[in-house]
Amino acid sequence: MRSTSRRDFLVLLGAAAGTAGCGSALGGGPRPTSTLRYQGWAGVVTPAELAEDLGYLGGVTLQWVGNTTSGPQDIQSAATGEVDFGGAFNGAVVRMAAAKAPVKAVISYYGTDEERYTGFYVREDSAVREPRDLIGKKVAMNTLGGHSQAMLDTYLRRHGLEPSQIDQVQQVAVPPVNIEQSLRKGQIDVAALSDITRDKLLERGGVRELFNDHDMLGSFSAGTYVMADRFLELNPETSRTFVTGVARALEWARARPREEVIDRMVRVVRRRKRNEDADPLRYFLSYGVAGTGGRIAEKELTVWADWLAERGDINRDRFSVRDIYTNAYNRYRAGSRAA
């Protein structure tokens, strides 16, 4: 487990931007391509992978190059040209773009709703009952500089904690599969979990929720796929086909019965033969994307730009949120056929 301060958070969240700033964002290389390299997640079927399986990518193919360790790492790889698209929490995307990294957010791919949310949990006998009780305590999450850390910081700020007090809340990175065990053994005080790890924790009981991001902020798209500017310039039609195909897949998953979506995902995992456990997919509820077809709303980036500026992590005068994203490659419209 690794603890972090506010200074560490800035370094971690800005790592992608620092690497991209060297001017190596070549995207798919000097020539156009119809093959998109990407990183996946073990036991997960991403919207891009679902789009390919549904046949929504036309002549565009995906080439898996391995699994990512975090959203910030994934978009760093997209910026440097190691992959052709990557996805991360919008706060990480804003931080990267604010440092003039040559990337654009092109479509939302995950979010928070009543079914898909991140909760922060303590043991039933924990003395932690309100925000100030977190001072000096350990809060575990999947990665630093991502969604969970932003939610925790927002929660503490909304309840009046000063920056010096927030710095005393120890935020540690722990693999999601180990977070529950760490909580029950008392190695951490709070566990930030979502999806299957959250549901399994609740099934076994003995915990209570401190807060969750949906109760705090409502439904919202929380993360976007980004592509390097150079790749978009060289491959406009490939980019349109990819983004629109992902949009159709998001709407297909929203419109179809949950059992049908899960069955499809299980088949995808079994066919790709990556030695994965398909059982976690039975817990799938939603991708959580708010906008139709994953279209990006400016406010979904502005809220994190303002948050980062308030923290002193970025200078809002040096960039425009409108330059961070584009919906120009998304040809999906409300009423379009999802299947």
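**Reading a predicted fold: helices, strands and burial**

Guide: The model is predicted, so local features need pLDDT of at least 70 and side-chain atom pairs count only at pLDDT 80 or more, while totals for chains, interfaces and linings use all residues. Residues are numbered from 1 along each chain as its sequence is written, and side-chain values use heavy atoms, with hydrogens and water left out.

Visitor: How many helices and strands does the protein have?

Guide: Helices (H or I, at least four residues) and strands (E, at least two) are DSSP runs, numbered from the N terminus. For this protein the secondary structure comes to 13 helices and eleven strands.

Visitor: At what angle do the axes of H4 and H13 cross?

Guide: An axis is a line fitted to C-alpha atoms, for helices over the stretch in contact, and angles run from 0 to 180 degrees between N-to-C directions. The axes of H4 (residues 90-98) and H13 (residues 299-311) cross at roughly 70° and come within 9 Å. As for handedness, a crossing is left-handed if the near helix is turned anticlockwise from the far one by less than a right angle, and right-handed if clockwise. H4 passes H13 in a right-handed crossing.

Visitor: Which residues of H4 and H13 meet?

Guide: Contact means heavy atoms within 4.5 Å. From H4, Asn 90, Gly 91, Val 94 and Arg 95 meet Glu 300, Leu 301, Trp 304, Ala 305 and Leu 308 of H13. The residues of this contact divide into five nonpolar, two polar and two charged. Here Ala, Val, Leu, Ile, Met, Phe, Trp, Tyr, Cys and Pro count as nonpolar, Asp, Glu, Lys and Arg as charged, and the others, Gly among them, as polar.

Visitor: Is H4 mostly covered or mostly uncovered?

Guide: Buried means under 20% relative accessible area, exposed over 50%, and partly exposed in between (1.4 Å probe, protein chains only). H4 is mostly covered, with nine of its nine residues buried. Lys 100, which follows H4, has a positive phi, near 70°. In the protein, buried residues make up 56% of the 339 residues.

Visitor: In what order do the three strands of the open sheet lie?

Guide: Strands of a sheet pair through backbone hydrogen bonds, either parallel or antiparallel. Two strands pair if DSSP finds at least two bridges between them. Here the order is E4-E11-E5, and the pairing is antiparallel. Strands E4 (86-89) and E5 (103-112) are the edges, each pairing on one side only. The twist averages 35° from one strand to the next. Helix H3 (residues 71-80) packs on the sheet, touching E4, E5 and E11, and its direction makes about 140° with that of E4. Eight bridges join E5 to E11 (residues 220-228), and Tyr 110 stands opposite Gly 223 in E11.

Visitor: Which strands are joined to E6 by bridges?

Guide: Four bridges join E6 to strand E9 (residues 190-194), running antiparallel, and Thr 118 stands opposite Ser 194 in E9. Five bridges join E6 to strand E10 (residues 207-212), again antiparallel. In E10, Val 122 has Arg 208 as its bridge partner, and Gly 119 stands opposite Asn 212. Five of the six residues of E6 (residues 118-123) are buried, and E10 also has five of its six residues buried.

Visitor: What does Val 139 touch?

Guide: Val 139 lies in strand E7 (residues 138-141). Because its relative accessibility is 0%, Val 139 counts as buried. Leaving out residues up to four places away in sequence, its contacts include Phe 120, Leu 152, Val 169 and Val 190. Val 139 and Phe 120 are 19 residues apart in sequence and 8.6 Å apart in space, C-alpha to C-alpha.

Visitor: Where does Asn 275 lie, and is this residue buried or exposed?

Guide: Asn 275 is in the loop between helix H12 (258-272) and H13. At 81% relative accessibility, Asn 275 counts as exposed. Its phi is near 60°, a positive value in a residue other than glycine. Asp 195, in helix H8 (residues 195-204), has a positive phi near 55°. Asp 195 is partly exposed, with a relative accessible area of 29%.
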